[in-house]
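Here are some exercises to work through with the model open beside you. Try each task before reading its solution.

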Amino acid sequence: MNKISLVYYSSTGNTYSMAQAIEEGIKAAGGTVNVYKVDEMNKDDIFASDVIVMGSSATGAETIEENYLVPFMEEDGAKFNGKKVYIFGSYGWGGGEYADNWKAQLEGFGANIVDMPVLANEAPSDEELEQLRKIGQKLVTI
């Protein structure tokens with residue numbers, strides 16, 4: 001069973017509800033997960049995990065959270081090499097292009113993106129939340 005860490009940034013609560021759905025899926029499959037708000041993350045624990053899950057709402061000009069997530073990735077990019085990673089998030093404008101850039105950056109560090117990101121325009125739908133629960137279940141044994 002995989003050790004999973006989930007770190008998220010949510011400005012309006014939409015990404016937080018998505019993180020909760022992933023956590024529910026992990027627990028329903030018998031797994032455990034350490035969940036961190038972005039400003040409370042434990043980098044050592046996160047990189048000791050088999051699977052790293054990251055969520056961020058789009059900020060500014062379609063970017064991930066810039067005060068914690070961007071430095072986390074840029075300062076420790078090499079530590080993502082060979083790691084299983086899943087990303088998700090929400091946006092309120094644009095089309096969620098920030099996730100394409102985020103995915104490409106992680107792949108450039110050598111991360112293995114384990115599934116396509118689920119992105120919600122504003123609040124996640126019931127279908128998106130269910131999809132995230134299923135991904136959470138999958139993360140336990142991938």
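**Exercise 1. Check the length of helix H5 against the span expected at 1.5 Å a residue, then find which of its residues are buried.**

Step 1. H5, residues 126-139, has 14 residues, and its first and last C-alpha atoms are 20 Å apart, close to the expected 20 Å. Helices here are DSSP runs of H or I with at least four residues, strands are runs of E with at least two, and both are numbered from the N terminus. The expected span is 1.5 Å times one less than the number of residues.

Step 2. Keep the source in mind: this is a predicted model, where local features need pLDDT of at least 70 and side-chain atom pairs count only at pLDDT 80 or more, while totals for chains, interfaces and linings use all residues. Residues are numbered from 1 along each chain as its sequence is written, and side-chain values use heavy atoms, with hydrogens and water left out.

Step 3. Glu128, Leu129, Leu132, Ile135, Gly136 and Leu139 are the buried residues of H5. They cover an arc of only 115° around the axis, which puts them on the same side of H5. Buried means under 20% relative accessible area, exposed over 50%, and partly exposed in between (1.4 Å probe, protein chains only). The arc is taken from the directions from the helix axis to the C-beta atoms.

Step 4. Asp126, Glu127 and Lys134 are exposed on the other side of H5. The cover over the buried residues of H5 includes S1, H1, S3, S4 and S6.

**Exercise 2. Repeat the analysis for helix H1: which residues are buried, and what do they pack against?**

Step 1. H1 holds 15 residues (14-28), which should span 21 Å at 1.5 Å a residue; the end C-alpha atoms are 21 Å apart, in agreement.

Step 2. Asn14, Thr15, Met18, Ala19, Ala21, Ile22, Gly25 and Ile26 are buried in H1. Their arc around the axis is only 155°, so they lie on the same side of H1.

Step 3. Contact means heavy atoms within 4.5 Å.

**Exercise 3. Describe how H1 and H5 pack: at what angle, and with their axes how far apart?**

Step 1. The angle is about 45°, and the axes are 7 Å apart. Axes are lines fitted to C-alpha atoms, for helices over the stretch in contact, and angles run from 0 to 180 degrees between N-to-C directions.

Step 2. H1 and H5 are therefore oblique to each other. Angles under 35 degrees count as roughly parallel, over 145 as roughly antiparallel, 65 to 115 as roughly perpendicular, and the rest as oblique.

Step 3. Among the residues making the contact are Ser17, Met18 and Ala21 of H1 and Leu129, Leu132 and Arg133 of H5.

**Exercise 4. Is Ser56 buried or exposed, and which residues is Ser56 in contact with?**

Step 1. Ser56 is in strand S3, and its 0% relative accessibility makes it buried.

Step 2. Leaving aside neighbours within four places in sequence, its contacts include Tyr9, Thr15, Phe88 and Trp102.

**Exercise 5. Where is Glu122, and what is its phi?**

Step 1. Glu122 is in the loop between strand S6 (118-121) and H5.

Step 2. Although not a glycine, Glu122 has a positive phi of about 70°. Glu122 is partly exposed, at 43% relative accessible area.
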